[in-house]
Amino acid sequence: MFCWALLASLSLIHLSAHSEVRAPRSAAELMDVVMWNREPIGGHFRLIDHLGRERTERDFRGRLMLVYFGFTFCPDICPTDLQQMSFALEKLGPNARAVVPIFITLDPQRDSRALLSRYVPAFHPQMVGLTGSDTAIRKAADAYKVYYAKVSVKGAARYTIDHSSFIYLMSSEGKYLGFLPPSTSADRIAQVIRTHLNSAKK
């Protein structure tokens with residue numbers, strides 16, 4: 001009996017330690033990583049777009065990528081930021097063809113391909129909506145150092161997603177160029193994009 005109890009205790013200790021190692025990183029920790037560029041940002045993802053096609057980051061080579069993580073049930077910040085991204089592309093005129101805005105859902109249970117196919121074009125015809133399995137979404141979010149967590153709420157929605165809301169700018173080669181904070185204006189987004197487009201021409 002003693003041996004079994006001891007083994008059980010050791011197993012619980014091992015599981016507890018293992019859980020601590022793999023626990024999701026806090027919002028403050030990930031914000032610090034992004035704000036001070038402490039770790040590489042960006043990288044590989046394999047997701048499904050709003051037209052049902054499998055897409056990876058390599059599909060967007062040759063264009064700047066504006067990458068945003070959110071969810072369609074978001075009541076305020078997500079649609080506001082996506083709208084500003086859309087307005088920024090309009091301000092770029094013909095140069096907008098050199099940019100692809102990408103919306104990656106953090107709520108794949110509700111944000112199906114069919115839902116994204118209605119949601120994404122409402123902001124801009126060039127915008128690409130991406131969804132996938134929980135594992136695929138987590139890998140993409142981890143690559144971009146995105147914090148997100150499901151939070152229970154009362155009412156029909158049952159839950160919401162607490163998440164960071166940076167707009168990530170990636171080069172035409174897929175390299176991280178920087179981020180824009182939540183609520184960045186369309187004018188500012190367009191200005192930053194123009195700077196990088198002009199630098200690429202030199």
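Tutor: A nonpolar core is a set of buried Ala, Val, Leu, Ile, Met, Phe, Trp, Tyr and Cys residues joined through side-chain atoms within 4.5 Å. Buried means under 20% relative accessible area, exposed means over 50%, and partly exposed lies in between (1.4 Å probe, protein chains only). The model is predicted: local features need pLDDT of at least 70 and side-chain atom pairs count only at pLDDT 80 or more, whereas totals for chains, interfaces and linings use all residues. Residues are numbered from 1 along each chain as its sequence is written, and side-chain values use heavy atoms, with hydrogens and water left out.

Student: How many helices and strands are there in the chain?

Tutor: Helices (H or I, at least four residues) and strands (E, at least two) are DSSP runs, numbered from the N terminus. Of the 202 residues of the chain, 42% count as buried. The chain has 6 helices and 9 strands.

Student: Among contacts between residues at least 6 apart in sequence, what percentage join residues at least 24 apart?

Tutor: A contact means heavy atoms within 4.5 Å. Among contacts in the chain between residues at least 6 apart in sequence, the share that joins residues at least 24 apart is 69%.

Student: Which residues of the largest nonpolar core touch the most other members?

Tutor: Tyr 144 illustrates the point: leaving out residues up to four places away in sequence, its contacts include Val 34, Phe 45, Met 65, Phe 69 and Tyr 168. The largest nonpolar core has 55 residues, and those touching the most other members are Met 65, Phe 69, Tyr 144 and Tyr 168.

Student: Why do the buried residues of H2 line one face of the helix?

Tutor: The buried residues of H2 are Leu 30, Val 33 and Val 34. They line one face because, seen down the helix axis, they fall within a limited arc, taken from the directions from the axis to the C-beta atoms. In general, an α-helix has 3.6 residues a turn, so residues three or four places apart point the same way. For the buried residues of H2, the arc is 95°.

Student: Is Met 35 buried, partly exposed or exposed?

Tutor: Met 35 lies in helix H2 (residues 27-35). With Met 31 and Trp 36 it forms a nonpolar surface patch of about 380 Å² accessible area together; such areas come from the Shrake-Rupley method with a 1.4 Å probe, and for residues only the protein chains shown count as cover. Patches are made of residues with over 30% relative accessible area and no salt bridge, like charges being joined within 9 Å and nonpolar side chains (Val, Leu, Ile, Met, Phe, Trp, Tyr) within 5 Å. At 45% relative accessibility, Met 35 counts as partly exposed.

Student: Is Ser 171 buried or exposed?

Tutor: Ser 171 lies in the loop between strand S8 (167-170) and strand S9 (176-180). Leaving aside neighbours within four places in sequence, Ser 171 is in contact with Arg 63, Leu 64 and Leu 177. Because its relative accessible area is 7%, Ser 171 counts as buried.

Student: What is the phi of Lys 145?

Tutor: Most residues other than glycine have a negative phi. Lys 145 lies in the loop between helix H5 (134-143) and strand S6 (148-152), and it is buried, with a relative accessible area of 10%. Its phi is positive, near 55°.

Student: What is the phi of Ser 183?

Tutor: Ser 183 lies in the loop between S9 and helix H6 (186-201). At 51% relative accessibility, it counts as exposed. Although Ser 183 is not a glycine, its phi is positive, about 70°.

Student: How many residues apart are Lys 91 and Asp 187?

Tutor: In a salt bridge, a side-chain nitrogen of Lys or Arg is within 4 Å of a carboxyl oxygen of Asp or Glu. The side chains of Lys 91 and Asp 187 meet in one (3.0 Å, N to O). This pair links distant parts of the chain, Lys 91 in helix H3 (residues 77-92) and Asp 187 in helix H6, and the separation in residues is 96.

Student: Is Asp 49 buried or exposed?

Tutor: The side chains of Asp 49 and Arg 53 meet in a salt bridge (2.9 Å, N to O). Arg 53 is partly exposed, with a relative accessible area of 43%. With a relative accessible area of 0%, Asp 49 is buried.
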